[in-house]
Amino acid sequence: MIIDDAFATDEPDRAEALIRRLYHRVRLQEGSTPFRFRQDVRGDERANVARFRISAPAELEVDFEGVLGVGLRTSGRYRAASNGTEVDPDDAFLLRPGTGTSSSEDLDIVMVNLSVEALTRFASERTGTVLHFDGVAPLSPVHAARWRQAAEFAGGVLADRELLRHDLMRRTAVDALFATALTTFPIDVVERRTAVEGVVLSTAVRRAVTFIEDNADRPIGVEDIAAAARLSVRALQAAFQRTLSTTPSEHLRTVRLASARGDLLRADPGTTGVSSIARRWGFSNVGRFAARYRQEYGELPRQTLER
């Protein structure tokens, strides 16, 4: 469903009703007259870009049920909190699912509203199925700049009515918002990978796990993993113990063992031996590899290979 709305009013009750077209529950209280409100929204059921302009001082409470809001103030006085956590209005910020409150005057603000369900589906095609919002600010100024670029691109596409109605262009713009949001803000994902299934990972540990799984066939060590996670070795060790009850080195061995099992299941026993697969995944001692493999999978590598 395409959203292409532009409304203006000088009636606070009407303004509240307009905002309610986007969010589940809204309470607007204006502080003085004259009151002028304008709302421009374009997008679809997955995501939309909304620009709000409120001339008078106003207090607003919004229930972001099923919605992740990413705000960027253009001008005016603005103070806001997401579920009680105050945001920094001088840069991009998250209003997470739950209650968002704000006070403003002469406000001009752009809100990118992302469907949590659609964002979760987008993430699950790549890394997981459940999102956990762990903060309200971008991970760094560089990440914030990337978000502004993505929002400007998507806003430009959706503002063009011809492109808005072009399914591929609209989806491309929305996907760019999803991908950038997932990498810009502290949004954690429940991984669906062999060693960490069903665990909500911190952003740093998720970076480490992803690095391990992407580079398990290379001669990497704890220092490399820590650098990828942007932690010291000591902090990385503590984070793994706290989150996964293991060490980075042990997790690396577990991932390598699972990868070796995958190779054994796919290999032709007539042309491939256990030792070559073991060495490929960093197990130089085939005897110790076989013993660990049997402990983990209840059979010897040779038995897996000859299935």
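## A negative patch on the surface

Let's start with Asp10, which sits in the loop between β1 (3–9) and α1 (12–19). This is a predicted model, and on its surface Asp10, Glu11, Asp13 and Glu30 gather in a patch of negative charge.

## Salt bridges across the sequence

Side chains of opposite charge can pair when their charged atoms come close. A search of the whole structure turns up 24 salt bridges.

One of them joins Asp4 to Arg42, with the closest N and O atoms 3.0 Å apart. Asp4 belongs to strand β1 and Arg42 to strand β3 (residues 37–43), so this pair ties together parts that are 38 residues apart in sequence. Arg42 has a relative accessibility of 14% and therefore counts as buried, the cut-off being under 20%.

## Two more pairs to look at

Another salt bridge runs between Arg148 and Asp91, where the closest N and O atoms are 2.7 Å apart. Arg148 lies in helix α3 (residues 141–159), while Asp91 is in the loop between β7 (85–86) and β8 (93–95), so the pair ties together parts that are 57 residues apart in sequence. Arg148 is partly exposed, at 35% relative accessible area, and Asp91 is partly exposed too, at 23%.

How values were computed:
Residues are numbered from 1 along each chain as its sequence is written. This is a predicted model: local features need pLDDT of at least 70, side-chain atom pairs count only at pLDDT 80 or more; totals for chains, interfaces and linings use all residues. Side-chain values use heavy atoms; hydrogens and water are left out. Patches are made of residues with over 30% relative accessible area and no salt bridge: like charges are joined within 9 Å, nonpolar side chains (Val, Leu, Ile, Met, Phe, Trp, Tyr) within 5 Å. Accessible areas come from the Shrake-Rupley method with a 1.4 Å probe; for residues, only the protein chains shown count as cover. A salt bridge is a side-chain nitrogen of Lys or Arg within 4 Å of a carboxyl oxygen of Asp or Glu. Lys and Arg count as positive and Asp and Glu as negative; His and the chain ends are not counted. The place of a charge is taken as NZ of Lys, CZ of Arg, CG of Asp or CD of Glu. Helices (H or I, at least four residues) and strands (E, at least two) are DSSP runs, numbered from the N terminus. Buried means under 20% relative accessible area, exposed over 50%, partly exposed in between (1.4 Å probe, protein chains only).
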